[in-house]
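Here are my notes on the model you asked me to look over. Keep the structure open beside you and check each point as you read.

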Amino acid sequence: MKHFLKKIGLFLSPIAVFFISFGVWNHRYLAAPRVTNSYCLNEKLYRAPYDTLDVLAIGSSMTMINLNSEVLVNGLANPRFYNFGSWGFNIQDVYSFTELLVERYKPSIFIIVSNAVDFRPKDLEYDINEVRLYLKSSCRSLGYLNYLDLKYFIKKTMENRENMSAPDIYSSLFFDQWGGVALHKEGFEIRKYRWNHGLLFDQLLESNYVELEEICRVLNDRSTKLFFVLSPLREGLVDDNYRKSIKLHADRVRGIVESKGGTFVDTTLYKWEDKLFVDGTHLNADGGCRLSEILLQAIGEKK
Amino acid sequence: MLFNSIDFAIFLPIIFAMYWGLGGRIRLQNILLILASYVFYGWWDWRFLSLIVISSLTDYLLALGMGPATDKRRKGLLLCSLVVNLGLLGVFKYYNFFADSFVDAFSLFGTDIQRSGLNIVLPVGISFYTFQTLSYTIDVYRRKIEPIRDGIAFFAFVSFFPQLVAGPIERATHLLPQFSRNREFNYDQASDGLRQILWGFFKKIVVADNCAVWANQIFDAPEQYHGSVLLVGIFLFAFQIYGDFSGYSDIAIGLSRLFGFSLMRNFAYPFFSRDIPEFWRRWHISLSTWFRDYVYFPLGGSSGTKWKSVRNIFIVFLVSGFWHGANWTYVVWGLLHAVFFLPLFLMGNHRTHTGPIAHGRMLPSLRESRQIACTAILNGFGWVLFRSATLSDAMQYFRKICTHFFVSFDGFSVPDLKIRYLLVPVLLLIVVEWIQRDGQHGLDFTNLSIPRPARWCVYYAIIGLLIFMGGRSQDFIYFQF
């Protein structure tokens, strides 16, 4: 038996050495457990606070990138804040998470930064009950046991090395302490395709407007103030047809949000210069500051 | 608990250490095995443990009763065992099927009957442990084995976790005495067991789980693809089910060897079979021999008239199909194999290929290659039935292959999974198993003198494949049976 165990130990030692070295080399970038099929959301959930929050933001990359955490936190006198915004989140996802997050974090202010792109069909896959258990657990590192996927772990850890240290790339996950990502305009290599990519209004799903209504209802029932921010589009993309479609969408969303006691903040009514964008819909850090100031003003007016 | 889960990776070393830590105290080891097996099974749904306990207790007591009884009483006790075990199986596995078929049959005649509100959940592996415990009472009845007095050994035999949920379906004559014998740790047996486990994981995680992604996509929406893609779907499903089930058996056998037990072989490279009868001697051996010993022979086997033998073969294949699931697709699958089997049986050629294939040669002869290919094609028809949800789905699949056969793979893609990467493990599986066709499993190095560094490189390469080419985790297909 001793001989057998010794041999196993000897056989496993190179594997252990590999993983230990890998862990030490990448200790700042270790990928989060694969709770969902979204790499970004997994990182967000892993870093989510254990304590309750005063202000909570959720939505797509529009929420993660276009909302500047520092401006918001300073403007609201240092509330407990976390930005759950994540790539690919649509309104249906926001709805799935709303009840869970409100119950778990009990925020008094709930922010969604969005535009029509978030009303397209759903991409993400997750079991909301699993996410609930994961967020409620007192040690999320145990998630490595429940959601073990070594291939994913190694691959995403390598990706994290770049994404978590570069604030000037599209795939940046250079999180600030509140979960937001402020994209630096210096050194940002803008890609033509993304710069000219706008919104496809024919892909909007009717059901997402119904989901939005449900989100508003849940928040209203729990006396949580909703601030729904309509994110701007790069001026160069907007022609008359576009403007019309945006207005239709904005009016519809405003109607839903305001009928349930929420606040609709339409930033498309402001002038947005191209230098504030990194592509058709995402703002750089300066743009994020501007959007957050507009939001702060709306929050101030509501107080 | 799944073998390919982190829970099991923690569970196994703990049980292994405790088991051998008990030294030669068989009784304590058996108690530990019962507890471990119940935890292993209860991880899915602890409520179904009661079925295993009922089955074990019934057969233990009935067999004890058979010992001193008269022949008539023995028959009665055996009947009791059959009623209890097959009754449980019937209720939990076939109730929904019979209720629905009953309603469908009446609706054919225009009478609408309300469907039953009962939706009974199928307990994992019920067909496997029911057949295993039945083999005990039947063998006691036939006086092939003495009834065992040691209840702990018997309960451990029925619930032995490595093979509890997906076999191999062991015979009491083979496995039960091992629970009463002193078990000593054997280095060679344990290390070969580990190799077999590693090979089983390769088949399950790398081959089956990857094939499953494609096969599921094709079988779930066959109307979206050309015939060429549907053929690829059959090929992939064949490797999925083989990798999945034989992988499980390899892991089960390997685990048993770690604990000092020897289980029967369940697969002997069935894809190298030269005809359908040989396929059935190589595929799910523990089940086909079970049917042979407990259904076919008692019916008279091939000793009576030709007509009787044909009837018996049909019955065995029909029951075998039905054993796989409460669905007409399995029944037709079983009958189809009977149809494939019978011509060779009637010509007396069903035992032509009992020896090794390409013996003493590196490659199969042209004739053997042709035979292997023909057998694979015949099996392909069966796999469509086996995988389809309904008979009409299967018919639609066949129809599409015949009427829309273009060599085109348009619209056939799975994100993050490229088919050329999938071909590598499938080819590796075929090549390794071909080379090892005289061995017990793909990594059976017992008769080969390969230096340790080379062997270890093979193991590390397989572990690398498990990590980097592992598919999305899927349940073992045979759990549903």
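This is a predicted model: local features need pLDDT of at least 70, side-chain atom pairs count only at pLDDT 80 or more; totals for chains, interfaces and linings use all residues.

1. Let's begin with a loop in chain B. His404(B) has its place in the loop between helix H15 (391-403) and helix H16 (419-435) of chain B. Setting aside neighbours within four places in sequence, His404(B) is in contact with His226(B) and Gly227(B). Have a look at Tyr225(B) as well: 179 residues separate Tyr225(B) from His404(B) in sequence, yet their C-alpha atoms are 8.6 Å apart in space.

2. Next, the overall build of chain A. Along the principal axes, the C-alpha atoms fill a box of roughly 75 × 45 × 40 Å. Of the 303 residues in chain A, 39% are buried. Now take the contacts in chain A between residues at least 6 apart in sequence: 81% of them join residues at least 24 apart.

3. Strand E3 of chain A (109-114) deserves a slow look. How many of the residues of E3(A) are buried? It turns out that 6 of its 6 residues are, so to speak, under cover. In a regular strand the side chains alternate between the two faces of the sheet. Here both faces are covered, with Ile109(A), Ile111(A) and Val113(A) buried on one side and Phe110(A), Ile112(A) and Ser114(A) buried on the other.

4. Which strands pair with E3(A)? Strand E1 (residues 55-57) of chain A pairs with E3(A) in the parallel sense over 3 bridges. In that pairing, Leu56(A) has Phe110(A) as its bridge partner. E4(A) also pairs with E3(A) in the parallel sense, over 6 bridges. There, the bridge partner of Ile109(A) is Lys225(A).

5. Two backbone angles in chain A are worth checking. Most residues other than glycine have a negative phi. Lys106(A) is not a glycine, but has a positive phi of about 45 degrees. Lys106(A) sits in the loop between helix H5 (91-105) and strand E3 (109-114), and is partly exposed because 13 C-beta neighbours fall inside 10 Å. Ser223(A) also has a positive phi, near 55 degrees. Ser223(A) lies in the loop between helix H10 (206-221) and strand E4 (225-230), and counts as exposed because 8 other C-beta atoms are within 10 Å.

6. Helix H2 (residues 39-47) of chain A is largely enclosed by the rest of the structure, because 7 of its 9 residues are buried. Those buried residues are Tyr39(A), Cys40(A), Leu41(A), Asn42(A), Glu43(A), Lys44(A) and Leu45(A). What do they pack against? Their partners are helix H6 (128-136) and helix H8 (150-163) of chain A.

7. Now for the nonpolar cores. The largest has 112 residues, and Ala156(B), Phe157(B), Leu198(B), Phe202(B), Cys211(B), Ala215(B) and Phe237(B) have the most contacts inside it. H8(B) gives the largest share of this core, 17 residues. At least three residues come from each of domain 1 (6-184) and domain 2 (188-274 + 353-480) of chain B. Beyond its neighbours within four places in sequence, Phe237(B) is in contact with Ala215(B), Phe219(B), Trp383(B) and Arg387(B). A second, separate core has 65 residues, including Ile112(A), Val117(A), Leu173(A) and Leu276(A).

8. Last, see where the chains meet. Here 11 residues of chain B are in contact with 9 residues of chain A. On the chain B side, helix H1 (6-21), helix H8 (187-220) and helix H17 (452-468) each supply at least two residues. H17(B) gives the largest share, 4 residues. The chain B side divides into 9 nonpolar residues, 2 polar and no charged.

Technical notes. Residues are numbered from 1 along each chain as its sequence is written. Chains are lettered from A and ligands numbered from 1 in the order in which they are written. A residue is buried if 20 or more other C-beta atoms lie within 10 Å of its own, exposed if 12 or fewer, and partly exposed in between; C-beta atoms are placed from the backbone. Two residues are in contact if their C-beta atoms, placed from the backbone, lie within 7 Å. Ala, Val, Leu, Ile, Met, Phe, Trp, Tyr, Cys and Pro count as nonpolar, Asp, Glu, Lys and Arg as charged, and the others, Gly among them, as polar. Two strands pair if DSSP finds at least two bridges between them. A nonpolar core is a set of buried Ala, Val, Leu, Ile, Met, Phe, Trp, Tyr and Cys residues joined through C-beta atoms within 7 Å. Domain bounds come from an automatic or database domain assignment.
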